[in-house]
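Dear colleague,

Please look at the sequence and the coordinates first, and then read the notes below them.

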Amino acid sequence: MTAHKASLINAITLIIMGIWGLININPEIFSGIIENKSPFIPITIGVLIALCNKGIKTSNKLIAHIAVLLTIISFANLMPLFKAISNGRVDAAIRVLLMVLSSLFAMIYFVRSFIENRKKSNS
């Protein structure tokens, strides 16, 4: 698997889990009432990572580093995980855990990609 594919999987996971959380937290969302806007954070990060995907695929260093920064921010989502677990909200804990795991997955492939690129440039 390549870094851009792992990053795209992460972006899609963030968007889907964010939408699930948005609907779950705001049951009246389809009436136009949004009380809790925090699920827009992973949705926004996921969209931004998805927008970086072409640059990651073409090995654009600046865009790849922006995507890594966004991935690190999404990975640092541990506080909502602990809060969901302590409040007994299993569905929220599963959503956040999936987002954290997909971000970790993407970070592993980013690191591998950076190591490979470093080896190629030193050869």
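The notes that follow go from the chain as a whole to its core, its first helix and its aromatic residues.

**The chain as a whole**

Please bear in mind that this is a predicted model. The chain holds five helices and zero strands, and its pattern along the sequence reads α-α-α-α-α. Taken along the principal axes, the C-alpha atoms fill a box of roughly 55 × 30 × 20 Å. Of the 123 residues in the chain, 37% are buried. The chain exposes about 7700 Å², of which carbon and sulfur atoms supply 68%. Among contacts between residues at least 6 apart in sequence, 66% join residues that are at least 24 apart.

**The nonpolar core**

The largest nonpolar core has 21 residues, and those with the most contacts inside it are Ile49, Ile56 and Phe110. Helix 1, helix 2, helix 3, helix 4 (78-86) and helix 5 each supply at least two residues of this core. Helix 5 gives the most to the core, with eight residues.

Which residues does Phe110 touch, leaving aside its neighbours within four places in sequence? Phe110 is in contact with Ala3, Ser7, Ile56, Ala64, Ala67, Val68 and Thr71. One of these, Ile56, is also among the residues with the most contacts inside the core. Phe110 has a relative accessible area of 2% and therefore counts as buried.

**Helix 1**

Helix 1 covers residues 3-25, 23 residues in total. From its first C-alpha to its last, helix 1 reaches 32 Å, close to the 33 Å expected at 1.5 Å a residue. The buried residues of helix 1 are Ala3, His4, Ala6, Ser7, Asn10, Ala11, Thr13, Leu14, Met17, Gly18, Gly21 and Leu22. What covers these buried residues includes helix 2 (40-57), helix 3 (61-75) and helix 5 (90-122).

Not counting residues up to four places away in sequence, Asn10 touches Ile49, Thr71, Ser74, Met99, Ser102, Ser103 and Ala106.

Leaving aside neighbours within four places in sequence, Met17 is in contact with Arg95, Leu98 and Met99. Met17 and Pro39 are 22 residues apart along the chain, and their C-alpha atoms are separated by 8.5 Å.

**Aromatic residues**

How many aromatic pairs does the structure hold? There are two aromatic pairs. Phe105 and Tyr109 form an edge-to-face pair, with 5.1 Å centre to centre and 65° between the planes. Both residues lie in helix 5, four residues apart, about one turn of the helix. Phe105 is partly exposed, at 27% relative accessible area, whereas Tyr109 counts as buried at 17%.

Phe110 and Phe114 form a stacked pair, at 6.2 Å centre to centre and with 25° between the planes. Because Phe110 and Phe114 are four residues apart in helix 5, about one helical turn separates them. Phe110 is buried, while Phe114 is partly exposed, with a relative accessible area of 30%.

Charged residues also sit over aromatic rings. The charged end of Arg112 is placed over the ring of Tyr109, 5.2 Å from its centre. Arg95 lies over the face of Trp20, at 5.2 Å from the ring centre. Arg95 is also one of the residues in contact with Met17.

**Two partly exposed residues**

Leu101 lies in helix 5 and is partly exposed, with a relative accessible area of 46%. The C-alpha atoms of Leu101 and Arg89, 12 residues apart along the chain, are separated by 18 Å. Ile73 is found in helix 3 and counts as partly exposed at 44% relative accessibility. Ile73 and Val47 are 26 residues apart in sequence and 14 Å apart in space, C-alpha to C-alpha.

With kind regards

Note on methods: Residues are numbered from 1 along each chain as its sequence is written. This is a predicted model: local features need pLDDT of at least 70, side-chain atom pairs count only at pLDDT 80 or more; totals for chains, interfaces and linings use all residues. Side-chain values use heavy atoms; hydrogens and water are left out. The expected span of a helix is 1.5 Å times one less than its number of residues. Buried means under 20% relative accessible area, exposed over 50%, partly exposed in between (1.4 Å probe, protein chains only). Contact means heavy atoms within 4.5 Å. Rings of Phe, Tyr and Trp (its six-membered ring) pair if their centres lie within 6.5 Å; planes under 30 degrees apart count as stacked, over 60 as edge-to-face and the rest as tilted. A charge sits over a ring if NZ of Lys or CZ of Arg is within 6 Å of the ring centre and within 35 degrees of the ring normal. A nonpolar core is a set of buried Ala, Val, Leu, Ile, Met, Phe, Trp, Tyr and Cys residues joined through side-chain atoms within 4.5 Å. Accessible areas come from the Shrake-Rupley method with a 1.4 Å probe; for residues, only the protein chains shown count as cover.
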